[in-house]
Every structure is written in C-alpha cells, then in structure tokens.
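Dear colleague,

Please find the structure below, together with its sequence. My notes on it follow, and I would be grateful if you could read them with the structure open.

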Amino acid sequence: MKIPGYFIAEALRNLFRKRATILYPYREVDKIHVPEGLRGRIEFDREKCIGCQLCSRVCPAKAIKVVQDERGKRPVFLIYRCIYCGQCAEVCPTKAITLSRFFENVALRKEDLIVR
Amino acid sequence: MSFEIPIGPQHPIHVEPIMLRLKVEGELIVDVDVDVSYLHRGIEKGLEVRPYIQGLYLAERICGICNCAHSLCYCLNVEQLLGKEAPPRARYLRLIVEELSRMHSHLLWLGHYFHTLGFETLFMYFWRDRERVMDMLELITGNRVTTAYNTIGGVRRDLPQEAEAKLRRALDYLEERMKYYEKVVDGEPTILARTQGVGVLKSSEAISLGTVGPHLRASGIRHDVRLDDPYSGHDEVPFNVVTHDGCDCYARVKVRLGEVVESINMIRYALDHLPSGEYRLKIPPLFKAPEGESLARVEAPRGELVHYSISNGGTNPYRYKVRTPTLANIFSVVYMLKSRGDREVYIADVPPILGGIDPCICCTARVLVTDEARRKRRILTLTDLRKYSQGGRRVRG
C-alpha cells in the first residue's frame, strides 16, 4: 500500500493559504470581479427606441411586453422573467437595449423588477 | 430472503431525482429497477412551438452543465437545415468554449465523485480549481454557467482582448493541479479501495449495452465523436482519445482526469492557431428553414449527444428529438449493479457505480412514461410503442 504523503503536505500548505472564498454579500463585496461583458440587468434608452418590437418577438422567455405610450409602441422589460441571454440587445437595430453588469436582481416588490 | 430497498427519488447520493429499487439478499444486490422519469419537462414539445432563435435558448437549458454541447448541437442542426457552415474562427472559438465547459464538467464530476466516496477534502480542492474555469467562461462568454455563446451561424462575441493571456495563465495553473491530482488518485488508499474492481463493465458488455463517452472509453474502447465525426474544427486540432483498460470506477476517474489535460492542450493549440476573420454569419433573427431533416452529433462532457430535427419549411421545427448521453449510459448502471457469478455488488457500491457514469437526470427524463387518469403507471411494450408510433388507435391499458 502506498503512503499518502503528498496529500498531507498539500493539506498542511492549505492551512497557511489565503481563503479561496469571498465573504459575500455582507463583507468584501468590492472583491467580486465582474468582467466586462457580463450579461446583467437590462438597460433601456427610450430616446433611441423606434418601436420595431423585434426584441419582443425574439425573447425566449416572453419577458418583453409591448405597450403604447405617447410616442408610439415601446417595450417593457419584466426582469423577473428575464433569462439574461441578451438576444434582445443583439437584435436591436438602434442599440436602445444594453445589458449592464449589474447582476444583483433581487427585490421585495415586483415593480422593482420591471425596466421601463 | 430478499428485501427491496428504495434509493431515491431523493437521496444524499443523488444530485437529481432518480429512483433505484434494489432487491437485496443480505448485503448483495440481486436485482435493480431504475426510474428516471421524475424530471420530465416537455422540452421537445417546447422546441416545436418556438421559432428557431428562441429554441436555441431552450435547448441550452436541457442541461445546465453541458449547456454548451446542447446549444452547439442545436446550432449545427439548424445550420445543416439552412445549408450553411460557421466560419473558421467561429469553429475554433466554439471549440475553445466547448473544451472549457468539458473541463468544468469533469472537474465538477471529479469533485462530486469524491464527495460521494466521502472524500470531502478532495471535493473542495476540485471545486476550488473549477472556479478558475468558471471565471474564464464568464470572461469569454458573459456568464458562468449558461453561456449563451453559440448562435446559429457562429458565436455571439469575439474573444476579448485580455482573455488570451488570462486563459493561458489559468491553463498553466490547472495543468499543474491535474498532475498533482493524478498522483493523489494513484496513491490514496481510500480512493483505490472504493473504486478499483468496483462496477466492472468489460469492453464487449459496454458495446452491447450501448454506452457512450468517458464511460465507454474507460472500458478500453477508442470512441469519440470528436474523432469519428469532427464537427467543429476537431479535424484540425490534434488531440488524443484518452482510454483506460481498467473497465472499473477507477478507470472512469482516470479517463476524466486525462481528458481535462487533453482539453487544456486543445485550447492551447486553438489559441495558437486561431484563424482571423468573421466570427459569425449574418443570419436574420427570425427566419424560415427549408424543408428537410438534419441530425447532429456532439461529444458532450458525458458522451455522445444526438439532436435530430425535421423541418416542414416553417419558422419552428416540426419535430425535435434529443438523445442525451445519460440515457445511453443508464442501462449499463442496471447491469453493473446486479451481482452475477463471481461478481458481487454490495449496497455500499451503489454511489460509486451510479456516480461513475456522471448521471444527469434532467437531461434524460424526456421519455414518456404514461400516467393514466386512474393514476396508474404502466410501461409500454415494444409492440404497443410500434402501434402508437404508426398513428393507429390509442393503446388501451
């Protein structure tokens, strides 16, 4: 039978190592590395939107509702249904939809999870 | 005197609901009945009622861990229907992300496997190292797990500027770690005692039971879809098919360890020889696919994954069929769990044997098990199924 020597060495080394985890969410929140291009909460620019409704037609989660406002048709984003695939931002012809790096989409009220 | 012991649908050794009804005589298992139908989600039907672009994201969600393989297989299928092929750069980028997700899946499996054996320390080490892979996936694709990277006609984003250097650093780190893990697995008496000679599946049995993937390669068969049917630049990127002649659970661990090292080398080669040019074709988001049928095969982390689709010229597939690797491998579990001849299988061997195939039940539960209005479950026989499929009358129970 072989002696498990190298495993003990590694275990001892780990005693003096820095901790691999991050104390999220109450401490060390700034330590979280969020890369450029993470698909997070949708941001919408009403000025750029031309009301083509393409976003609502490609959305796989049916998270985009089309409503009428004083300037014509426009989308409303139901973040609580969103799967963060970013397909709407990809097809938007005027780049009115972007996906921000904000990922902490938790709320106590449903209205907070709707992007207008 | 024999007893029946149910393991599941909820049990600490299972990560997902699966029912094993073990018929035991003392400690020996004499018969097994497997039920995988706790997670039927109707995804195939869902794919039939969605436009192709929406189906992509649904197909990706068939399995969380091999989401990359599922979306790639879906894309290959639709591209085949459209008669288009992804540009060379896209094929290489697909390969990089696919291999990264294979590494992530194998590291997850290795960690979880040692967890089922009760080796928690190694579980923690593997999962800590897996985080490096997850960070790379996040950097390249924009998400840790559900990558949404492949799209019809290529990939959705190019490799970011700073990604290559970071990726190489992570690969160097992982290569060193994998060498260390090889030593641990070879030298730890705990692991050897629980895996060697457990769940033996000889080459001929593996073939006759139709197993796929690392499970088949651990029985000494050199079979890999990447080699047999190169689908995304695998004919250009050299790699070895890792096999092991052990035919037991130890061999399955060794094969997956070896495959992680192979994936590291493949990604390195793909980064060195990354072609320039377009990374996706210009295909409108909502389109109609021409009439026809297509079949695509992908080597998912767990084995051969098959997607088949029929198009009738509309915006949605007319029929979509998915055959996942776990469905192919689950039969061998039943075989391995039965004691026969001089091969004795004990109840304590259930976790290593079931875990050895890397079961993914949510992938598998797509087969219809009839649940009648009388709340009586029954299994269709082959004759019944044939009648059913030939569109005749409804089979009566």
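Which domains does the domain assignment of chain B give? There are two entries: domain 1 is made up of residues 3–39 + 330–389, and domain 2 covers residues 43–321. Please bear in mind throughout that this is a predicted model.

**The two domains of chain B**

Taken over C-alpha atoms, the centres of domain 1 and domain 2 of chain B are 26 Å apart. Where these domains meet, domain 1 of chain B contributes 19 residues and domain 2 of chain B contributes 25 residues. On the side of domain 1 of chain B that touches domain 2, the elements giving two or more residues are helix 12 (325–337), helix 13 (350–356) and helix 14 (361–364) of chain B. Helix 13 of chain B supplies the largest share of that side, namely five residues. Sorted by class, this side of domain 1 of chain B holds 12 nonpolar, three polar and four charged residues.

**A helix pair in chain B**

Helix 4 (residues 88–116) and helix 5 (residues 120–141) of chain B pack with their axes 8 Å apart, at an angle of about 160°. Angles over 145 degrees count as roughly antiparallel, and helix 4 of chain B and helix 5 of chain B are therefore roughly antiparallel to each other. Their crossing is left-handed. The contact of helix 4 of chain B with helix 5 of chain B comprises 16 nonpolar, six polar and three charged residues.

**The sheet in chain A**

In chain A, an open sheet is formed by three strands in the order 2-3-5, with antiparallel pairing. Strand 2 (64–69) and strand 5 (114–115) of chain A are the edge strands, each pairing on one side only. Six bridges join strand 2 of chain A to strand 3 (residues 72–78) of chain A in the antiparallel sense. Within this region, V66(A) lies opposite P75(A), which belongs to strand 3 of chain A.

**Where chain A meets chain B**

The contact between the chains draws 23 residues from chain A and 21 residues from chain B. On the side of chain A that touches chain B, two or more residues come from each of helix 1 (5–15), helix 2 (54–58) and helix 3 (87–91) of chain A. By class, that side of chain A has 15 nonpolar, three polar and five charged residues.

With kind regards

How values were computed. Residues are numbered from 1 along each chain as its sequence is written. Chains are lettered from A and ligands numbered from 1 in the order in which they are written. This is a predicted model: local features need pLDDT of at least 70, side-chain atom pairs count only at pLDDT 80 or more; totals for chains, interfaces and linings use all residues. Domain bounds come from an automatic or database domain assignment. Two residues are in contact if their C-beta atoms, placed from the backbone, lie within 7 Å. Helices (H or I, at least four residues) and strands (E, at least two) are DSSP runs, numbered from the N terminus. Ala, Val, Leu, Ile, Met, Phe, Trp, Tyr, Cys and Pro count as nonpolar, Asp, Glu, Lys and Arg as charged, and the others, Gly among them, as polar. Two strands pair if DSSP finds at least two bridges between them. Axes are lines fitted to C-alpha atoms, for helices over the stretch in contact, and angles run from 0 to 180 degrees between N-to-C directions. Angles under 35 degrees count as roughly parallel, over 145 as roughly antiparallel, 65 to 115 as roughly perpendicular and the rest as oblique. A crossing is left-handed if the near helix is turned anticlockwise from the far one by less than a right angle, and right-handed if clockwise.
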